Amino acid sequence: GESLQSGYDPETDRWSQTVLPNGSSPSNFVSAGNGFVYFTAVVPDGPPDADGSQRYHDGVWRTDGTAVGTQQVLLFEDESDPILGLLSINGEVFLTKSTVNWDGNGSSTDISIWDLTSGANPQLLVDGVSLPGGYYGSYSNEGLVAQVGNGPFVFGLGPDLWRSDGTSGGTQSFYRGGGSYPRAHSFVAHGDAVYFTADFGADGFELWRTDGTAPGTFLVRDIAQGSYSYDGGNTTYPNDSYPGSFLSTDFGLFFLADDVVHGYELWVTDGTGEGTRLVRDLTPGQSEGYDGEMRGNASDISRLVQMGSDVYFVLNTKELWATDGTAAGTRMIRDLNGDAPDQPAVGSGSYASMAVLTNSDGEQRLLFSGYDGDNRTVLWTSDGTFDGTQPVFGAAAPAAPLVDFNGDGIADTLWQQS
């Protein structure tokens, strides 16, 4: 690929934006809702060494889709310390960065969080909070932080939950969980609370919720009850349901989780333990698990999106499904494979790109990737009906998640990745 940047200008302390035949590895695209898309990229640290090796720096850029509107926001001098991820929420763009410190007694990691929304003047919210351990990665670019209604932003660092009002002084920890390693992730706002996945004690990774205070932070439900063992029962560990792929709707918070009995399937919650339930077992049956015990078969489900009064997803890259949150209302829209022979999957539904596009008249359609009758991964569109679910064309579908570059949900241009 071609790079968006060339040499370093010491007078401006900036990298120029000349196109060069060097890859800048742009990734982590998020839409800010203000006409800009933010992304991470790498820039070379001067010319290559005599042996041809090249050092690089991580940076954050934003673009309005034009060359002149593509600007560097931040550039980090440390080569090896990773940018953990970008997240856009309610027009605010956050970046999480880690710095690993090594000494004779082990290692620690300093976590920093930035608010990049202003563009030219990014604000440092959390400055180098030191945590034990050599690396604190994110489980996903989604869910690094979420906002409690119109209140504080909530996020996890190590064993702690933190909240922030967007200022350095208003950023502080408010809940201490168990252990010393990352214990909370996949934050999502729903109603007047934030939900997330965490292991803060004896229950394993399960569904939690918080209102930004310690008293208002609690386990919603232990979905995967019981325990497992690798050594015949001498040492036991709590089962984990690993809730993820959250989608907030006005008829429930949808997510994927594994209750051991049914495998990794679609769930919904109203925020209470009693109201947290399996929607439908899409892949019935059981098979032997990693601990030798029988466990439910997992469904391979793409990201969840809402269109109208239904939630849509792709199952096993081969079938488009919809649900209204009930077992009876969970149905297959179309078998994308048609009459193709049953072949081993060459892709995975969980990696299927999926987005909802809205035109200027307010009409919505799904745009997603899935198999066709020849077991090729192609781009599809759907209005939620069998006849209205058709391939866009026979070319390869995008390999990365689809991004709304306008920030307004309106699709003006369809781009194809070759």
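**Exercise 1. Is Arg176 buried or exposed, and what is the relative accessible area of Arg176?**

Step 1. Arg176 has a relative accessible area of 59%. Arg176 is therefore exposed.

This is a predicted model: local features need pLDDT of at least 70, side-chain atom pairs count only at pLDDT 80 or more, and totals for chains, interfaces and linings use all residues. Residues are numbered from 1 along each chain as its sequence is written, and side-chain values use heavy atoms, with hydrogens and water left out.

**Exercise 2. Which residue forms a salt bridge with Arg176?**

Step 1. Apply the rule: a side-chain nitrogen of Lys or Arg within 4 Å of a carboxyl oxygen of Asp or Glu.
Step 2. The partner is Asp160, with the closest N and O atoms 2.2 Å apart.
Step 3. Asp160 sits in strand S13 (residues 160-164) and Arg176 in strand S14 (residues 171-176), so the pair links distant parts of the chain, 16 residues apart. Strands are DSSP runs (E, at least two residues), numbered from the N terminus.
Step 4. Check burial. Asp160 is buried at 10%.

**Exercise 3. How many salt bridges does the rule give?**

Step 1. The count is three.
Step 2. Asp192 and Arg209 meet at 3.8 Å, N to O. Asp192 lies in the loop between S15 (184-190) and S16 (193-198), while Arg209 lies in S17 (residues 206-210), 17 residues apart.
Step 3. Asp192 is exposed at 58%. Arg209 is buried at 16%.
Step 4. Asp310 and Arg331 meet at 2.8 Å, N to O. Asp310 is in S28 (residues 310-315) and Arg331 in S30 (residues 331-335), 21 residues apart.
Step 5. Asp310 is buried at 10%. Arg331 is partly exposed at 32%.

**Exercise 4. Why is S17 largely enclosed by the rest of the structure?**

Step 1. Count the buried residues: five of the five in S17.
Step 2. Conclude: S17 is largely enclosed because these residues are buried.

**Exercise 5. Which strand joins S17 by three bridges?**

Step 1. Recall the rule: two strands pair if DSSP finds at least two bridges between them.
Step 2. The strand is S18 (residues 218-221), antiparallel to S17. Leu207 has Arg221 in S18 as its bridge partner.
Step 3. Turn to S16. S16 and S17 pair in the antiparallel sense over five bridges. Val194 stands opposite Thr210 in S17.

Terms used. Helix = DSSP H or I, 4+ residues; strand = E, 2+ residues; numbered from the N terminus. Buried < 20%, exposed > 50% of the residue type's maximum accessible area, 1.4 Å probe, protein only.
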